[in-house]
Amino acid sequence: MRLRQLVMMVGALGAMFATAALAAGPDDGYRDVDPFIGTGGGGHTYPGATVPFGMIQLSPDTQILPFKKSYGWAAGYRYDDTTILGFSHTHFSGTGHSDLGDVLIMPIAGEVRLDPGEIDKPQSGYRSRFDHKSEIAQPGYYAVTLEDYGIRAELTATRRVGVHRYTFPSVKPAHVLIDLRSSIYNWPGKVLWSRLRVRADGTVTGFRETRGWAPGRQLYFAMRFSAPMTGHSLQDLEEPPPYHGFAPPAADAPEERAQIEGRGLVGVFDFGVLKTPLIVKVAISPVSEDNAVANLNADMRGWDFNAVRNKARQAWTKALSVFDVDAAPDMKKSFYTALYHTMLAPTLDMDSDGRYRGPDNEVHRANGFDFYSTFSLWDTYRAEHPLLTLIQPARRTDDIVNSLIAFQQESPYGMLPVWSFAGLETWCMIGYHAVAVIADAYVKGIRGYSADAALKAMVATATYAPYGGLGDYMKLGYVAIDHTPEAASKTLEYAFDDYTIARMARAMKRDDIAARFDKRAENWHNVFDSKTGFVRARLSDGSFHEPFDPAAVGYGSDYTEGNAWQYSWYEPQDIGGLITALGGDQALIAKLDAVFDSKVDPKEFANVEDISGLIGYYAHGNEPSHHIAYLYDYAGAPWKTQARLKQIMDSQYAPMPDGLVGNDDCGQMSAWFIFTALGFYPVAPASNEYVIGRPFVSRAVLHLPNGKRFTVVADGLSDAHPYISSVTLNGQLLAKSFITQQEIMAGGELRFVMQAEPNTQWATQPEDRPFSMSPYPR
């Protein structure tokens with residue numbers, strides 16, 4: 001039998017036995033997770049091994065392309081690829097921009113090639129072909145057979161350590177290659193400097209500093225092997241610069257070097273013919289090589305791969321068991337995979353001794369909390385962070401808020417993060433949505449941090465005039481388009497953030513601050529054009545920007561990744577005011593219908609890669625649309641919300657690799673799915689209200705952090721019964737179209753009775769509608 005056929009058979013048998021063993025376990029949600037969902041299409045998720053909110057995301061990379069061609073490989077892996085470059089230790093889940101892919105490792109049997117090679121030329125480099133039949137992806141575990149080498153590769157992880165198990169063919173010498181040139185969203189010169197070092201005890205350490213999404217990002221690592229090396233080679237493959245100093249000892253003998261520095265480093269570690277699997281463990285640190293060694297010692301002292309895998313599985317089983325769900329198999333798989341995706345970020349970014357690197361690129365120490373980063377806040381403040389307050393212990397949100405406060409205190413700009421990772425600011429996207437995350441936590445009673453420091457950080461951020469047109473916003477009441485791009489969107493998002501600051505200040509009895517930011521929360525009025533019924537950008541002289549086309553879209557336009565059809569609904573703190581401005585309930589309903597029912601050619605959005613999942617102008621693949629379907633509730637027409645949600649759920653999610661129509665955005669797309677499947681959604685974080693939609697699961701039990709249970713039941717749920725007949729909360733008829741955080745946290749039962757036809761009498765009166773700063777028109 002030829003080697004490749006044998007490899008395929010071994011891989012398939014391994015996948016079969018692993019699946020059988022998994023199926024024998026308890027129905028705890030773990031087995032319903034499919035990490036391949038979102039790895040194709042536009043989901044940008046990765047299938048590799050990690051633990052909840054872990055610092056390590058150990059996953060295969062299938063292509064590393066120049067950054068202008070890298071959008072589809074933002075997570076390093078695409079399901080439709082046929083080769084694997086290696087396994088790197090850091091990845092984003094679902095982002096629309098990218099970086100990372102640090103410490104790429106590739107096991108090799110036989111001849112070693114130092115460059116990746118070409119996909120269509122097998123064995124032209126170190127990459128290897130693979131087949132999905134040999135792949136296994138489970139929470140905390142990934143495995144694949146590298147066909148060109150006959151190597152079975154398995155991955156698992158702790159919080160700070162990635163663990164590899166490589167089973168080599170017993171007839172060829174085994175090697176492990178490390179390529180410090182490789183980086184997601186790569187470009188020539190991205191690696192500013194790097195180092196590889198072989199220590200006397202066989203530990204390999206190193207670092208690299210990159211100029212990517214976060215400039216000047218430093219990452220350190222430490223790597224150990226379960227078998228002794230028989231040799232090694234350290235090389236710098238960069239074209240020699242005009243000046244590179246004097247040659248160190250063994251400069252012409254890569255196999256004798258103990259250390260090498262440069263910008264094109266590749267290392268190869270030799271082990272001879274191995275009769276038993278090789279375990280490789282790699283720890284990372286934002287601080288130093290010695291700290292990486294300390295993280296390695298703290299997280300994993302021995303070589304028991306199975307023990308680490310089992311511990312990762314236990315962590316995921318516990319995290320996923322927050323819900324007990326009864327639903328059709330496809331819905332259940334989608335639900336638990338979405339839940340899994342909501343716990344991949346934010347990520348731990350702190351060493352075992354409490355030290356981390358802050359936005360000033362200096363080393364700091366967290367006292368009494370874990371420091372987290374990877375804050376995709378423009379996305380995640382909407383549903384991801386509100387969900388964490390329900391499914392995670394309060395300590396998790398406390399750590400997140402403490403991390404945000406520490407960031408602001410260490411920022412050279414004195415600002416909370418906008419979009420940060422590795423403790424560094426990227427200045428990606430708009431708004432200052434960290435304030436919404438903090439306010440949402442505070443008004444929900446999650447307060448394991450200094451409220452005074454938090455409010456001070458929020459006000460400092462919201463009044464930093466040089467940021468994103470805030471100077472004009474504070475002076476004029478709107479961001480001026482002739483001074484700052486995307487001004488209409490910025491005005492709307494700043495106004496919502498200001499509302500959340502007011503909410504927290506009032507809860508703290510800081511009425512002076514509350515009054516100030518309540519007034520700023522009304523600034524959305526200043527960009528609403530009553531003549532067209534759309535939100536529009538204004539010039540500094542007060543006139544609206546011309547010419548105006550509500551369908552026009554483009555980067556740097558009046559709107560952020562959207563147009564007037566998509567952004568004119570972003571006043572979640574004051575939909576009653578929007579209804580009045582439009583001319584009443586029916587005007588809002590008619591305009592919402594136009595959003596969904598318009599005939600739109602997707603080519604109109606071809607130049608904006610993040611806009612996807614179109615239903616008319618509604619774009620579920622991008623966050624500004626996420627609350628729109630729920631706005632019918634505010635106009636007293638919740639049955640229309642119910643119909644639109646079914647339309648969205650049926651067309652935008654599927655339990656397959658290309659089953660996410662847009663970027664998962666660090667869990668936001670998945671959090672939307674979880675809330676919508678349960679039957680309610682946080683349209684306005686910090687309001688303490690969840691707007692009722694309709695359920696998509698027959699029954700779900702939420703095991704709350706306080707030890708109580710909140711159960712959602714949908715009687716008669718089916719495709720033939722898509723509408724709500726009635727709703728009860730703890731046996732009492734619910735006339736309103738929302739529930740509160742307090743009602744959920746008290747435990748109890750929310751029961752829906754479903755029917756074939758819409759109930760046009762339920763929750764129609766203004767007093768039964770969700771919160772609005774302005775009263776509803778009568």
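Q: What do the side chains of Asp 102 and Arg 217 form where they meet?
A: In this predicted model, the side chains of Asp 102 and Arg 217 meet in a salt bridge, with an N to O distance of 2.9 Å.

Q: And which parts of the chain does that pair link?
A: The pair links distant parts of the chain, 115 residues apart: Asp 102 lies in the loop between β3 (86–88) and β4 (104–109), whereas Arg 217 belongs to strand β13 (residues 215–225).

Q: Is Asp 102 buried or exposed? What about Arg 217, buried or exposed?
A: Asp 102 is buried, with a relative accessible area of 1%, and Arg 217 is buried as well, with a relative accessible area of 4%.

Q: Switching topic, which residue does Lys 121 form a salt bridge with?
A: Lys 121 pairs with Glu 118, and the closest N and O atoms of this salt bridge are 3.8 Å apart. Lys 121 counts as partly exposed at 46% relative accessibility, and Glu 118 is also partly exposed, with a relative accessible area of 41%.

Q: What about Asp 498 and Arg 520, how do their side chains meet?
A: They meet in a salt bridge with an N to O distance of 3.0 Å. This pair links helix α11 (residues 487–507), which holds Asp 498, to helix α12 (residues 511–521), which holds Arg 520, the two residues being 22 residues apart. Both Asp 498 and Arg 520 are buried.

Q: Which residues do salt bridges with shared partners join into one network?
A: That network joins Asp 99, Asp 102, Lys 190, Arg 208 and Arg 217.

Q: How many salt bridges does the structure hold?
A: The structure holds 36 salt bridges.

Terms used: Residues are numbered from 1 along each chain as its sequence is written. This is a predicted model: local features need pLDDT of at least 70, side-chain atom pairs count only at pLDDT 80 or more; totals for chains, interfaces and linings use all residues. Side-chain values use heavy atoms; hydrogens and water are left out. A salt bridge is a side-chain nitrogen of Lys or Arg within 4 Å of a carboxyl oxygen of Asp or Glu. Helices (H or I, at least four residues) and strands (E, at least two) are DSSP runs, numbered from the N terminus. Buried means under 20% relative accessible area, exposed over 50%, partly exposed in between (1.4 Å probe, protein chains only).
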